[in-house]
Number of protein chains: 2
Amino acid sequence: MRPNVDGQRVLADLNALRAIGTYKTGVHKPSLSPEHVASLAWLEGRMREAGLTPTTDGIGNVLGRSGGTGARLLAGSHVESQNYAGWLDGPLGIVYALEAARVINRDAAYGGAAVDVVAFCDEEGHFGHFLGSRSFVGGVSDADIDAAVDRTSGRTMRKALADAGYAGRPRVTVEPGRYRGFIEAHIEQGDNLEASGQKIGVVTSIVGIWQFKIVIDGVQNHAGTTRMAIRRDAGVAAVKLLADLHDIFPRHIGPRTVWTVGRITLEPGAPSIIPGRAEILFQIRDDDLATLHRLEGVLRETAAAHAANGPCPIQVGKLRTSVPALMDGGFQAAIERAVAHVCPGKSTRLPSGAGHDAQVLSTVMPAAMLFVPSIGGISHHWTENTADADIITGAEVFVAACAEILIA
Amino acid sequence: MRPNVDGQRVLADLNALRAIGTYKTGVHKPSLSPEHVASLAWLEGRMREAGLTPTTDGIGNVLGRSGGTGARLLAGSHVESQNYAGWLDGPLGIVYALEAARVINRDAAYGGAAVDVVAFCDEEGHFGHFLGSRSFVGGVSDADIDAAVDRTSGRTMRKALADAGYAGRPRVTVEPGRYRGFIEAHIEQGDNLEASGQKIGVVTSIVGIWQFKIVIDGVQNHAGTTRMAIRRDAGVAAVKLLADLHDIFPRHIGPRTVWTVGRITLEPGAPSIIPGRAEILFQIRDDDLATLHRLEGVLRETAAAHAANGPCPIQVGKLRTSVPALMDGGFQAAIERAVAHVCPGKSTRLPSGAGHDAQVLSTVMPAAMLFVPSIGGISHHWTENTADADIITGAEVFVAACAEILIA
């Protein structure tokens, strides 16, 4: 079955959201900024037009509930953006979900089955870490909100919610048993689809992200008067450890593992002072939990060996972990059936290297994601884009996949 | 000849300077701070008591001129400190010079020979790079002073000079032919003397410092969605280059070379973003100019090889160089004759790994330095110290060395 998707309506909605908080060809729409709040008000209006009943809750989530008595599916993503970033990261999944509700909910052919639409607040992490979707599944306390602060502006989340007019509202949590599951569309943010000429990525899993901080203690001293032989240079120890890890890690990784050293800080960081301390942010992502555990072991063993054989103690601390989230197998098959209707042969299965609200929803219901191609693999930048034709193809597959799930 | 040095007077003067701007057991006395200016006023008073005629000039240098008609030697160092640092770095050489003037200038046995005492402003580089001593030898323009800004407080040097009451004063420059040379005493700031049980370091040369900035251009991207194979990670390139340099440099250095990576900056420096740019501060010090040139070549060749074989362009920029300064051979011999009188066998020749005003003075007259032991090799920290007995021995050798030079 190929649902009657209105591609121009999808593009018009995406451009309407881009027109609120425009930055170059993208947007600047941080969580709970006036532009974000205005976008949520726009979304409420579009939900009502689609026959949904919208509620914006006490953490800035917007849930549009359908009437009807048949099977229900929850679909959505997020509206806010990274700072000075792209127009599709978030809104694509929102507008696809709106289109699915518009096409399916009032069509008698679906026998009362319907799509609810949701926009989760702060997926981009201005205030925290998936606060909106975690609130929806019951994982955020009032104290968590009390403590949350915008990392760019310093505004508290309480102040931001009050400024938006959301203070004091109840928070909406998931209604048990209401949904067959959750589906989210998103731009790929990588170049796999573009490089292989595919139009749809069927997400198999969302990677676990394990973030470590490595701290090396040296002895700060004068860079002119301290002989090389007696130095305990934390920076040298950091470079040697990292060079070694770059050699060793490839022998232990899985086929999709990525790992990144995002920051190296030497203290005090002056040209003529031997660094007394080094701090390294070291991140590993993989969709296989056993691989993550194995790589943590490699990291810790390598660091311990360097500490034992070098002049500086080394501590490896774990800042944050997340469990890889498996996407539902039945939903993946439903997306592939939709592809077979819309653009046969044009999909590939792949894991998501980035985190998404779907990983949070997957803890309480079956969840799925589909990706559309990112031009040049670019995201988190105002040049982020997807060809209009690919956006429309993605919408057709998304709505067809919702239908496949609802009528299964 | 063993001059009649008053060790307790030397210690009392050093403690009097420590009492102005005390920080724990050290001092916080940045250039032209109220505490520095008060210390210079104190110094003027001590100069007058010693029969010297003091002039504090338009850049904060204090020169105490002796009368007399015989041979003259210039002696001194600096009064200001690094931020929150030690009590001896600078003041030791000032008080030794005062003591030399007190002992020698009014003693008929020296036939009218005399020591002039000088305190050069900003040896510690709060506003620039040896501005006081370079002004004294004619190497600083008014425009240089106009441009100078305190790197900690942001106060301009013009404002600081006005606040001190020095604005509009002429600057004093060296009087050609007046001096046999310049001599400066200093704490070693390293552990050579302590480790070898010596009491006096006879400085052979002051190292040249060559400061480089290495810039590596990568491509910033998402740390989750960008496959390892297509990354152009500036941080990885930096680590590989530095690890290689740590392996290669030891094969090319001289016996006294030191080199230091004081800072590594990855941009943007976030846990989930592949670094798009790396900046490295790389410093080489040696007392041999040919060695410095050779090591610059090794650095440039290694960086070029990494750029050619890796995914990231690498630029090596030279921020600053200085020519190694040779200390006068006759003066070194005079210091060793003084050691033979005061503490026979207790000296060693060594280069200075740190920069000092003596390297600037050596461009216009014979210059010499002697070091006393630093406990634990510590300096630029409030715990910096030297045993009282070693301070007194150093004063005796210093005054005897001045006498040796003046009567030669």
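How many residues of chain B are in contact with chain A, and how many of chain A with chain B? In this predicted model, 46 residues of chain B touch 46 residues of chain A. The area buried between the two chains is about 3,700 Å², and carbon and sulfur atoms give 57% of that area. Over all chains, the structure holds 42 salt bridges.

**Interface of chain B and chain A**

- On the chain B side, B:Thr225, B:Val239 and B:Ile264 lose the most area to chain A, together 14% of what that side buries.
- Two salt bridges are found across the interface.
- B:Asp191 pairs with A:Arg227 in a salt bridge whose closest N and O atoms are 3.6 Å apart.
- The elements of chain B that give two or more residues to the side touching chain A are strand 10 (221–222), helix 8 (234–248), strand 11 (258–267), strand 12 (273–274) and strand 13 (277–286).
- Strand 11 of chain B supplies the largest share of that side, eight residues.
- By class, the side of chain B that touches chain A comprises 19 nonpolar, 20 polar and seven charged residues.

- A:His78 is placed in the loop between strand 5 (72–77) and helix 3 (91–104) of chain A.
- A:His78 counts as buried because its relative accessibility is 0%, below the 20% cut-off.
- A polar atom of the A:His78 side chain lies 3.0 Å from the backbone oxygen of A:Glu80.
- The side chains of A:His78 and A:Glu123 are joined by a polar contact of 3.1 Å.

- At 1.5 Å a residue, the 14 residues of helix 3 (residues 91–104) of chain B should span 20 Å, which agrees with the 20 Å between its end C-alpha atoms.
- Helix 3 of chain B is mostly covered, with 14 of its 14 residues buried.
- B:Leu92 is found in this helix and counts as buried at 0% relative accessibility.
- Leaving aside neighbours within four places in sequence, B:Leu92 is in contact with B:Leu14, B:Ala185, B:His186, B:Ile187, B:Val372 and B:Ile391.
- The C-alpha atoms of B:Leu92 and B:Glu35 are separated by 17 Å, the two residues being 57 residues apart along the chain.

**Salt bridges within the chains**

- A:Arg46 forms a salt bridge with A:Glu49, with the closest N and O atoms 2.5 Å apart.
- Both A:Arg46 and A:Glu49 lie in helix 2 (residues 34–49) of chain A, three residues apart, about one turn of the helix.
- An α-helix has 3.6 residues a turn, so residues three or four places apart point the same way.
- A:Glu49 counts as exposed, at 51% relative accessibility.
- A network of salt bridges links A:Arg9, A:Asp13, A:Arg46, A:Glu49, A:Glu99 and A:Arg102.
- The side chains of B:Lys199 and B:Asp390 meet in a salt bridge of 3.0 Å, N to O.
- B:Lys199 lies in the loop between helix 7 (192–196) and strand 8 (200–206) of chain B and B:Asp390 in helix 12 (residues 388–407), so the pair ties together parts 191 residues apart in sequence.
- B:Lys199 is partly exposed, with a relative accessible area of 27%, whereas B:Asp390 is buried, at 12%.

Key:
Residues are numbered from 1 along each chain as its sequence is written. Chains are lettered from A and ligands numbered from 1 in the order in which they are written. This is a predicted model: local features need pLDDT of at least 70, side-chain atom pairs count only at pLDDT 80 or more; totals for chains, interfaces and linings use all residues. Side-chain values use heavy atoms; hydrogens and water are left out. Contact means heavy atoms within 4.5 Å. Buried area is the accessible area (1.4 Å probe) that two parts lose on being put together, summed over both. A salt bridge is a side-chain nitrogen of Lys or Arg within 4 Å of a carboxyl oxygen of Asp or Glu. Helices (H or I, at least four residues) and strands (E, at least two) are DSSP runs, numbered from the N terminus. Ala, Val, Leu, Ile, Met, Phe, Trp, Tyr, Cys and Pro count as nonpolar, Asp, Glu, Lys and Arg as charged, and the others, Gly among them, as polar. Buried means under 20% relative accessible area, exposed over 50%, partly exposed in between (1.4 Å probe, protein chains only). A polar contact is a pair of N or O atoms within 3.5 Å; within protein, one must be able to donate a hydrogen and the other to accept it, and residues adjacent in sequence count only if both atoms are side-chain atoms. The expected span of a helix is 1.5 Å times one less than its number of residues.
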